Amino acid sequence: MSTRILVPIANGTEEIEAVCIIDTLRRAGAEVTVASVEATLQVTASRGTKLVADAFIADCADVVYDCIAVPGGMPGAEHLRDCEILTALLHAQRDAGRLYSAICAAPVVVLQHHGLLAGRAATCHPSFASQLENPAHVEKRVVVDGNCITSRGPGTAIEFALAVIEALYGEEKAREIGKQMLVK
C-alpha cells in the first residue's frame, strides 16, 4: 500500500511551499492528496497562482494519512486554521503518533493555535518567530521533533519535503530524491 499524504490548500496558500511539498513527495512515490478547504477545488495562492485540488477536505475526513503536510502563506494559513475538518485530522494524526508537519506561518498559525506544538521544538517563518511559544530552535531551517516537522518558508520547502520523506521512507530515500533534484 502506498504512503498517503494530505496537503491541504486554501486561498492565500504559499504556492512554492505547496508545490514543492506535493512534487517532492510524489517523486518519492507517495500518494499525495491535495485537498481544498474552500468551497471550490481551485484556489488562488498567495502570489496569484491558481492551484487545483484533487478533493475537498470533507472528502478526506475519514481517510487515514501517513502524514499531513500544511503549507503556509497568508491568509492561507488562517483559512487552514479555521477549517474544523483539518483541525480534527491534525489532532488525530498527533494522537495516533502519525506524522504531521507545517511550514512558514502554519507552525504558529495552524499547529500552535490548536495546541499541536505543546512541548515540541519547532521553527517557523521569521515574521512569526516572536509568537512561537518555544523559540529555542527558531533559527533552524527544518526542525524534527518526534512525529512533528516544521520549517521556515519558501526557501526551505524542498528541505522540509525531504525531511518528511526521511521520516516516512528513511534517510537513503531522502538522499536519493535530493540527489535527483540536485539539492543533496
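Helix H3, which covers residues 84-96, has 13 residues and spans 18 Å from its first C-alpha to its last, close to the 18 Å expected at 1.5 Å a residue, where the expected span is 1.5 Å times one less than the number of residues. Helices here are DSSP runs of H or I with at least four residues, strands are runs of E with at least two, and both are numbered from the N terminus. The model is predicted, so that local features need pLDDT of at least 70 and side-chain atom pairs count only at pLDDT 80 or more, while totals for chains, interfaces and linings use all residues. Residues are numbered from 1 along each chain as its sequence is written, and side-chain values use heavy atoms, with hydrogens and water left out.

The buried residues of H3 are Leu86, Thr87, Leu89, Leu90 and Gln93, buried meaning under 20% relative accessible area, exposed over 50%, and partly exposed in between, with a 1.4 Å probe and protein chains only. Seen down the helix axis, these buried residues fall within an arc of 165 degrees, so they line one face of H3; the arc is taken from the directions that run from the helix axis to the C-beta atoms. On the other side of the helix, Glu84 and Asp95 are exposed. The buried residues pack against strand S1 (4-9), strand S6 (67-70), helix H2 (76-81), strand S7 (99-103) and helix H4 (106-111), contact meaning heavy atoms within 4.5 Å. Just after H3, Gly97 takes a positive phi of about 80 degrees.

In soluble globular proteins, nonpolar side chains tend to be buried together. A nonpolar core is here a set of buried Ala, Val, Leu, Ile, Met, Phe, Trp, Tyr and Cys residues joined through side-chain atoms within 4.5 Å. The largest such core has 33 residues, of which Leu6, Ile68, Val70, Leu90, Val110 and Leu111 touch the most other members. S6, H2, H3, S7 and H4 are the elements that give two or more residues to this core, and the largest share, five residues, comes from H4. Leaving aside its neighbours within four places in sequence, Leu6 is in contact with Thr33, Ala35, Ile57, Cys60, Tyr65, Cys67, Ile68, Ala69 and Leu89.

The structure holds zero disulfides, a disulfide being a pair of cysteine sulfur atoms within 2.5 Å. For Cys60, the nearest cysteine sulfur is that of Cys83, 9.8 Å away, and for Cys67 it is that of Cys148, 9.7 Å away. Cys60 is buried at a relative accessible area of 2%, and Cys67 is buried at 0%.

Side chains of opposite charge can pair when their charged atoms come close. The structure holds nine salt bridges, each defined by a side-chain nitrogen of Lys or Arg within 4 Å of a carboxyl oxygen of Asp or Glu. In one of them, Asp54 meets Arg26 with an N to O distance of 3.4 Å, and this pair links distant parts of the chain, with Asp54 in the loop between strand S4 (50-52) and strand S5 (55-56) and Arg26 in helix H1 (residues 15-27), 28 residues apart. Asp54 is partly exposed at 47% relative accessibility, as is Arg26 at 41%. Glu159 forms a salt bridge with Arg141, the closest N and O atoms being 2.4 Å apart; Glu159 lies in helix H5 (residues 157-169) and Arg141 in the loop between H4 and strand S8 (142-145), 18 residues apart. A further bridge joins Glu171 and Arg175 at 3.0 Å between the closest N and O atoms, and because these two are four residues apart in helix H6 (residues 171-180), about one helical turn separates them.

Several backbone features complete the picture. A cis peptide bond, with omega of about 10 degrees, joins Met74 and Pro75, and Pro75 lies in the loop between S6 and H2. Cys104, in the loop between S7 and H4, has a positive phi of about 70 degrees although it is not a glycine, and Cys104 is buried, with a relative accessible area of 8%. Leu182, found in the segment after H6, has a positive phi near 65 degrees but is exposed, at 77% relative accessibility.
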